[in-house]
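I opened my notebook for a new structure today. My plan was to look things up one at a time and write down what I found.

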Amino acid sequence: MWVVVLTAVTMVVEVIFGLTTKSMALLADGIHMGSHVLAIGMSWIAYIIVRRLKTSKEFTGNADKILSLSGYSSGLMLLIFAIVIMVEAVERIFNPVGIEYKQAILVALIGLGVNILSAFLLHHKHEHSDHNIRAAYLHVLADAVTSLSAILGLTAAMIWNIPFIDTVAALISSIVIIRWSIGLLKDSGGVLLDMNKGSEGHGHHH
């Protein structure tokens, strides 16, 4: 819950400043965070639903799959966001704009701090066995990566006065997001299709 609240606040700040400072990398970071707020928020809701269903008599399905479903949905959202960022970044290559560097860097640094704190909170509490906590943890780590690339990109762009670097940072971020989301889709999709042969003890073939 704390991670959701923390990230939600930071995301709003990053998106607003991303727009006002015209930094693509910061905006990418903010949108990326937003997708994680949704994803982590869904994980949190999924837990509540699973707990309810496990105690309910009527529900006979496999409640654990709700967690994978939520993971799958997060992966899908991430993928869409990443593509949106890429499209926007490519447009930016053709129409560069001036960026307010100092403000943007400051906000990106705050974002990074929040990510590190959230990662610590999540890592501290749970094992990696759970898809959902792992998804949330990966989200936060991915966020730290984009925050870092935004900070580096903005700093370099400011020093050499090349706004283009900011765009490249946004592009790199989106590629990282795409790779992660595809991994998440494969993992959670595998569970949804009962492809996890280990846990059931039957020798399923892939």
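**Entry 1: two helices side by side**

Are α2 and α6 roughly parallel or roughly antiparallel to each other? I began by reminding myself that two packed helices are described by the angle between their axes and the distance between the axes. For α2 and α6 (residues 164-192) I found an angle of about 25°, with the axes 7 Å apart. The axes here are lines fitted to C-alpha atoms, for helices over the stretch in contact, and angles run from 0 to 180 degrees between N-to-C directions. Angles under 35 degrees count as roughly parallel, over 145 as roughly antiparallel, 65 to 115 as roughly perpendicular and the rest as oblique. So α2 and α6 are roughly parallel to each other.

I then looked up who meets whom. Met24, Ala25, Ala28 and His32 in α2 meet Asp166, Ala169, Ala170 and Ile177 in α6. A contact means heavy atoms within 4.5 Å.

**Entry 2: what kind of model this is**

I noted that this is a predicted model, in which local features need pLDDT of at least 70 and side-chain atom pairs count only at pLDDT 80 or more, while totals for chains, interfaces and linings use all residues. Residues are numbered from 1 along each chain as its sequence is written, and side-chain values use heavy atoms, with hydrogens and water left out.

The pLDDT is the predictor's confidence in each residue, from 0 to 100. I found an average of 79 for the protein chain, with 90% of the residues scoring at least 70. Over residues 199-206 the pLDDT stays under 50, and the model has six contacts beyond four places in sequence for that stretch. Where pLDDT is low, the predicted coordinates should not be read in detail.

**Entry 3: the whole chain**

How many helices and strands are there in the protein chain? I found seven helices and zero strands, so I checked how they are defined: helices (H or I, at least four residues) and strands (E, at least two) are DSSP runs, numbered from the N terminus. The pattern along the sequence reads α-α-α-α-α-α-α.

The C-alpha atoms fill a box of roughly 60 × 35 × 25 Å, taken along the principal axes. Of the 206 residues, 42% count as buried. Buried means under 20% relative accessible area, exposed over 50%, and partly exposed in between (1.4 Å probe, protein chains only). Among contacts between residues at least 6 apart in sequence, 78% join residues at least 24 apart.

**Entry 4: the nonpolar cores**

In soluble globular proteins, nonpolar side chains tend to be buried together. A nonpolar core is a set of buried Ala, Val, Leu, Ile, Met, Phe, Trp, Tyr and Cys residues joined through side-chain atoms within 4.5 Å.

The largest one has 15 residues, and Leu26, Tyr101, Ala108 and Leu154 have the most contacts inside it. At least two residues of this core come from each of α2 (24-55), α4 (101-125) and α5 (131-160). The most come from α4, which gives six residues. Leaving out residues up to four places away in sequence, Leu154 touches Ser23, Ile99, Tyr101, Ala104, Ile105 and Asp166. Apart from this core lies another, of ten residues, including Ala28, Leu78, Ile85 and Ala89.

Is Asp29 buried or exposed? Asp29 lies in α2, and at 0% relative accessibility it counts as buried. A polar contact of 2.8 Å joins its side chain to that of Ser147. Such a contact is a pair of N or O atoms within 3.5 Å; within protein, one must be able to donate a hydrogen and the other to accept it, and residues adjacent in sequence count only if both atoms are side-chain atoms. Beyond four places in sequence, Asp29 touches Glu14, Asp143, Thr146 and Ser147.

I looked up Ser149 next, in helix α5. Ser149 is buried, with a relative accessible area of 18%. Its side chain makes a polar contact of 3.0 Å with that of Ser173.

**Entry 5: loops and an exposed Ile**

Lys22 sits in the loop between α1 (2-20) and α2. Its phi is near 60°, a positive value in a residue other than glycine. At 40% relative accessibility, Lys22 counts as partly exposed.

My last stop was Ile80 in helix α3 (residues 64-94). Ile80 counts as exposed, because its relative accessibility is 52%.
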